[in-house]
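Open your viewer and get ready to click along. This short tour moves from one selection to the next and says what is waiting at each stop.

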Amino acid sequence: MSWFDAANERIAREVLARYPKPKSAVIPLLHLAQEQEGWVTPDAMTEIAELTGTTAAEVLGTASFYEMFKFHPVGKYVVNVCTNVSCQLLGGEELLDHVESTLGVRAGGTTDDGLFTVEDVECVAACTEAPCFTVNYRYFHRADVDILNEVVADIRAGRSPLERGAAGDGGELPEHGTLGRVRQHVTADRLAGVVAPEQVDGPPSWMPTSATATEGAS
Amino acid sequence: MDADLRDGDGGGIVTGTYVPHAAGYVDNGGPKVVTSRFGHEDSFTLERSLATGGYEGLRTALAMAPDDVHGQIREATLLGRGGAGFPAGVKWGFCPEGVWPRYLVVNGDESEPGTYKDRLLMERDPHQLIEGCLIACYALGLTQCFLYVRGEMALAQERVAAALNEAYAAGYVGREVLETQFSVDITLHWGAGAYIVGEETALIESLEGNRGMPRLKPPYFPAAIGLYGQPTIVNNVETLANVPWIMANGAAAYRQMGSEASPGTRMFAISGHVVRPGVYEVEQGITTFRDLFYGEEYCQGIRDGHELKMFIPGGGSAPWFFAEHLDLPLEAREVGAAGSMLGSGAIIVMDETTDAVKACHRMVRFFARESCGKCSPCREGTSWEEKILARILNGHGRPSDIDLLLDVGDNISPGPYPVASHADEGLEAVPFPPRQTTICPLGPSSVAPITSTIRRFRHEFEARITRGDGIPVAAAVPAGEAGS
Ligand SMILES: Cc1cc2nc3c(=O)[nH]c(=O)nc-3n(C[C@H](O)[C@H](O)[C@H](O)COP(=O)(O)O)c2cc1C
Ligand code: SF4
């Protein structure tokens, strides 16, 4: 029995089929595990090791390098406030102070009701729209205390705060773990065909055989 | 953010205005290579792309021999937009002969402090990026492309996934593209939060399912040995986004924009203390920093009544500039000679209210947090730098700390560190790039804020050290005792 539920197991197989080597799927599968459970459990890592032909230790070795993977339960909504220089200049640190005092947790902490986790993060590529924060990796630009209060109130009341978001794309804000709400999906008849590098020994058919001369590779 | 600045039908944009649905982007009325669709609310759909010339560059390319397509890119002098500014056409020629398969990896990890452009390009025009990837794959004989998007960019992942699904279904990607022999798969991949993964060999490690730690050099380019040990071209999102335009309009037309050494346009994100911060598509080489900061069509000056104190011209890794550097053009070589770099097109402007020590500490904290830990001068050095700066900031600095900071920096990047000129003190610029004792440039980058601010604002550091918390620090500590 797979650790993944039936729907996710199907997705996991599809993800694996997109890589020439299965280990490349480790990070995508960790995301999938986090999507299912909200965090990366030891059992999930054992399962991913099996699917990718690695060991659970290797999976943990990779996973623990990356900030987005959580190894214990976190809030359903992860609020990341940027305090890097562009945001610092325009009040990012004050915004973080406000979140901390409003929610009653310090950066890194989770509220008792399990609703919010707060993080003090590095640049999130919204520098011209400083100060900014994200909730489950959805952007809120040119933020201030009012916007933050509204977003927190929305979430507490069970409303999606995305209408207030930078993209203005609305819709439901997924719980922590789910990133893109759209997945890559390719029907078998459209795939060019992913093959292991060992199985390729020449240029593809559209390349003239003598082409692609070098220019002194390093 | 002003929706009514746009004209009635929501299509055209009034010159020099924010485009609300492309948050941050300002249409300055200049030539558009990569932002031409940003005015349309549905710019990310296949329908809009096709209605506005999308995939025309691909059609042009497919009608040519692969080598001739490569020739066009070489002739255009398309400079890499990821930071190093290496010409894409030259890099594409580095794959060793006869070694197959080869891969294309797209670097969409955008995390350099101050950088905001690749996210916009992925969110607003994913088809343009996909088309650029397809043309590169066709030219170089690549059957597999990986599009590595930064983990934190949920909307970008969504938009790229949706665009890929549409493009596959419509026959632009996958088996027998547009009914030709050309077949290629593009796999959307995303990271999980680590700045260092933006370094191209770390990107490849991450894509192989490992910790994102840079590989030892040589080889200097993954074109020699990259993903799965095979030749691999790594290009930035913006670099590839330029490719469709070049194919559709020709290298000669591209070279008519910008300067001889830096043709075309570039996206610059200007953040901080300006009246109108934004992401602007700018002609390279001919526009100056002064134009950008003070021009009506750009940032419109320093925010109300304040004065420029300093600015970072090319992302968190770049040495800082000052008012005397405003007339430099946005041209890599000139900026390099003046002691800094254009890097990733990220400019952070700071006015006179900015505390130099605080800003310096915050930037150094970034590098200390993001060091991958593979080499000791960086792993240890960046955290020492951060700790020393933190204690200076908190009023517990020691008189020897300024020298100690410079000394730690010298262990990561020996010799004179690149730094801007300081005319008042008769100090010359030290040209970019820095030397390094480390595997990758992250460690040396941590030294940039330190040497930049100490050279210029040493008095601010000294004031903190002798008067922090109002309590005078005891007389000089012997140098050997500092540095815990
Ligand atoms: C620490 C570090 C971080 C980097 N981050 C990025 C990044 O986020 N995006 C990017 O395109 N290039 C980044 N680069 C540069 C890449 O290593 C590489 O040069 C670039 O992706 C090549 O693409 P280009 O030639 O099209 O510019 C980084 C380099 C270093 C040393
Ligand atoms: S310089 Fe720093 S980030 Fe780069 S490889 Fe060394 S330890 Fe890692």
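Start at the largest cavity, which holds about 170 Å³ of space. A cavity here is a set of points on a 1 Å grid over the protein atoms alone where a 1.4 Å probe fits but cannot get out, and its lining residues have an atom within 4 Å of a point. Grid points are joined across faces, edges and corners, and the volume is the space filled by probe spheres set on them.

Before you go further, note that this is a predicted model, in which local features need pLDDT of at least 70, side-chain atom pairs count only at pLDDT 80 or more, and totals for chains, interfaces and linings use all residues. Residues are numbered from 1 along each chain as its sequence is written, chains are lettered from A and ligands numbered from 1 in the order in which they are written, and side-chain values use heavy atoms, with hydrogens and water left out.

**Stop 1: the largest cavity.** Select Ala166(A), Ala167(A), Arg119(B), Glu123(B) and Leu155(B), which lie nearest the centre among its 20 lining residues. Now colour helix 5 (118–124) of chain B, the element that gives the most to this lining, with 4 residues. Strand 4 (138–140) of chain A and helix 7 (154–169) of chain B each supply at least two residues as well. Helices (H or I, at least four residues) and strands (E, at least two) are DSSP runs numbered from the N terminus.

**Stop 2: the second largest cavity.** Its volume is about 80 Å³. Of its 13 lining residues, Cys372(B), Lys374(B), Cys375(B), Cys378(B) and Cys440(B) are closest to the centre. Show ligand 2 and you will find that it sits in this cavity, meaning that more than half of its atoms lie within 2 Å of the grid points.

**Stop 3: ligand 1.** Which residues come closest here? Of the 18 that surround ligand 1, they are Gly82(B), Lys91(B), Asn235(B), Asn236(B) and Thr239(B); to be counted, a residue needs a heavy atom within 4 Å. Strand 6 (residues 232–236) of chain B brings the largest share of this shell, 3 residues.

Next, draw some distances. An oxygen atom of ligand 1 lies 2.9 Å from a side-chain N or O atom of Asn107(B), and an oxygen atom of the ligand is 3.2 Å from a polar backbone atom of Arg81(B). A nitrogen atom of ligand 1 is 3.2 Å from a backbone N or O atom of Gly198(B).

Technical notes:
On a 1 Å grid over the protein atoms alone, a cavity is a set of points where a 1.4 Å probe fits but cannot get out, and a pocket is an open set with protein on both sides within 12 Å along at least five of seven lines; lining residues have an atom within 4 Å of a point. A polar contact is a pair of N or O atoms within 3.5 Å; within protein, one must be able to donate a hydrogen and the other to accept it, and residues adjacent in sequence count only if both atoms are side-chain atoms.
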